[in-house]
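Let's walk through this fold together, starting with its sheet and ending with its ligands. Have the structure open and follow along.

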Amino acid sequence: MTLSNGLSNPISVSEQCCEIVGNKGTMREEVTGGNGAKQRLRVCIKSFGCQMNMYDTEVAEGILAHEGYEIVNGGGRVREDDERADVVLMNTCSVREHAEDRVYGRLGMLGKAKKKNPELILGLMGCMVEEHREKLFKRFPQLDFMVGTRNIKDLPLVIDEVRKRRHQVAKIRHDGISIEYTDVIKRRGTFHAWLPIMTGCDKICTYCIVPITRGREVSMPAREVYREASRLVSEGVRWITLLGQNVNSYRGGELDGKAMLFPELLEMLCEIDGLERISFTTSHPHDATEELYRVIAQNPKISRRFHLPLQSASDRMLKRMARLHTFAEYTAKIDLMCELIPDVSVTTDIIAGFSGETEEDHEATKRALEEIRFDSAFVYKYSVRQGTPASKLPDDVPADVKEKRNNELLEVQRRITRENNVKWLGRTVGVFVEARSVKDANQLVGRMDQDKKVVFSGDPFLIGTFQKVRLVDLQHETLLGTL
Ligand code: SAH
Ligand code: SF4
Ligand code: F3S
């Protein structure tokens, strides 16, 4: 099975900017202060994107820590971490303008910090690097380096190069797969782990930048996924979330004469002893099939949360978005899913104010929320992304109307989420105990099979186990229970 994404003629900006030469494996040490004491170089990485972006941050931290860097991320307070760091690296996201604006704002702030401390090294990784490439160097002279989503393992060499030559360095590959499995990964969770299985997207929804930033679909071979999942379990992981821009179109090659598509992969992973829960995100309705629902229904290890983005309930909008289905086809998929998987919790994404959206289209989406009664919905105001097919369409819904529609949808959904949660009160459910509550150390936090959050009193030694909890109350979107 080939890992190439089919693009020929890979371009590497590094070829234009510099040649990367390195001294892999050396300890990064720097003399600081007058007493000659040596201190490791400190690096601070911040994620601005989705779960896959967070996974990439864990990989980058692991690789840099392995090479002798100290990772500083205490408390997540941006300024304080930046001030303690020698290298500040932002793992960027391009999906909406807001995500990019946050990075631009922080680059401005860090530019000022660099005037005071010229030794500070600033870098970018993630989807904005793939989208804007070398243009970012011209716009932000304070930026020292960029690495693409397929070049995370080159980070130590790139940083070395910046320190040696003090010029801007980029390493951005176009081919291959932007998933890195490594046992030096610095995972946030003890019992839970992210596991990317495919990246890229062949769907080309007109509003979406992801096919540009992550490229065409490429899957990790099933054998590799199985090996990495088993390795995680041997480290004590009991719950894995499979990641991909469209996990349902996973194609993991052949194994023992069998084509390893997503349902087959799930079945294979369910056989791993010690792995107790498997969730996945995200799915495109087009590839959500009856076979997949049946596999989920037959395997209690697979999470009962299904995230299936609707975007809009107006067929006119769905067509303009190139979503490949009508609203009726979408609801038929949900009806079948609910019939085959009892207690499934369906969640969704909605875009408010896409190009050409009328009041009537918006009302149709509002009615759909009432009709389908999702457990939760992420609602986003449409944001034009340069280079996408929809960037050629007028962005003709005024900002205040987008805001109003966004708020109306959120209000409807908040009520429905609450009403759906109330229905769980009085039931006893299986909960995977994740951690102590941040707000109250005597309380534990866990997740139901439906991925709903439950808080209850209990001994911390229960962390990492499944427990039966009776749901007794509701506080905002959190269920409160007793063991
Ligand atoms: N692959 C996933 C979605 C990835 S992006 C899927 O198809 O379901 C996550 C969500 O961001 C999308 O579902 C969509 O609701 C939203 N989104 C993507 N591009 C957007 C844009 N240009 N403006 C506003 N929201 C957008
Ligand atoms: Fe974007 Fe559509 Fe692909 Fe999802 S399916 S990543 S929304 S192009
Ligand atoms: Fe953003 Fe890239 Fe993820 S655009 S949503 S970080 S795939």
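Two residues count as in contact if their C-beta atoms, placed from the backbone, lie within 7 Å. Helices (H or I, at least four residues) and strands (E, at least two) are DSSP runs, numbered from the N terminus. Keep in mind that this is a predicted model: local features need pLDDT of at least 70 and side-chain atom pairs count only at pLDDT 80 or more, while totals for chains, interfaces and linings use all residues. Residues are numbered from 1 along each chain as its sequence is written, and chains are lettered from A and ligands numbered from 1 in the order in which they are written.

Start with the sheet. Six strands form an open sheet in the order β4-β3-β5-β6-β7-β8, with parallel pairing; two strands pair if DSSP finds at least two bridges between them. At the edges sit β4 (70-71) and β8 (169-171), each pairing on one side only. Further in, β6 (residues 121-126) and β7 (residues 145-147) share three bridges in the parallel sense, and leucine 124 stands opposite methionine 146 in β7.

Helix α2 (residues 51-66) lies across β3 (42-47), β4, β5 (87-92) and β6, and runs at about 170° to β3. For these angles, axes are lines fitted to C-alpha atoms, for helices over the stretch in contact, and angles run from 0 to 180 degrees between N-to-C directions.

How do α11 and α13 cross? The axes of α11 (residues 290-298) and α13 (residues 327-340) come within 9 Å and cross at roughly 25°. The two helices are therefore roughly parallel to each other (angles under 35 degrees count as roughly parallel, over 145 as roughly antiparallel, 65 to 115 as roughly perpendicular and the rest as oblique). Here Glu290, Tyr293, Arg294 and Ala297 of α11 meet Leu336, Met337 and Leu340 of α13.

Finally, the ligands. Ligand 3 has 13 residues around it, the closest being Gly49, Cys50, Asn53, Cys93 and Cys127; a residue is near a molecule or strand if its C-beta atom, placed from the backbone, lies within 6 Å of it. Helices α2 and α8 (210-213) each supply at least two residues of that shell. Around ligand 1 there are 17 residues, and Tyr207, Pro309, Asp349, Tyr380 and Ser383 are the closest.
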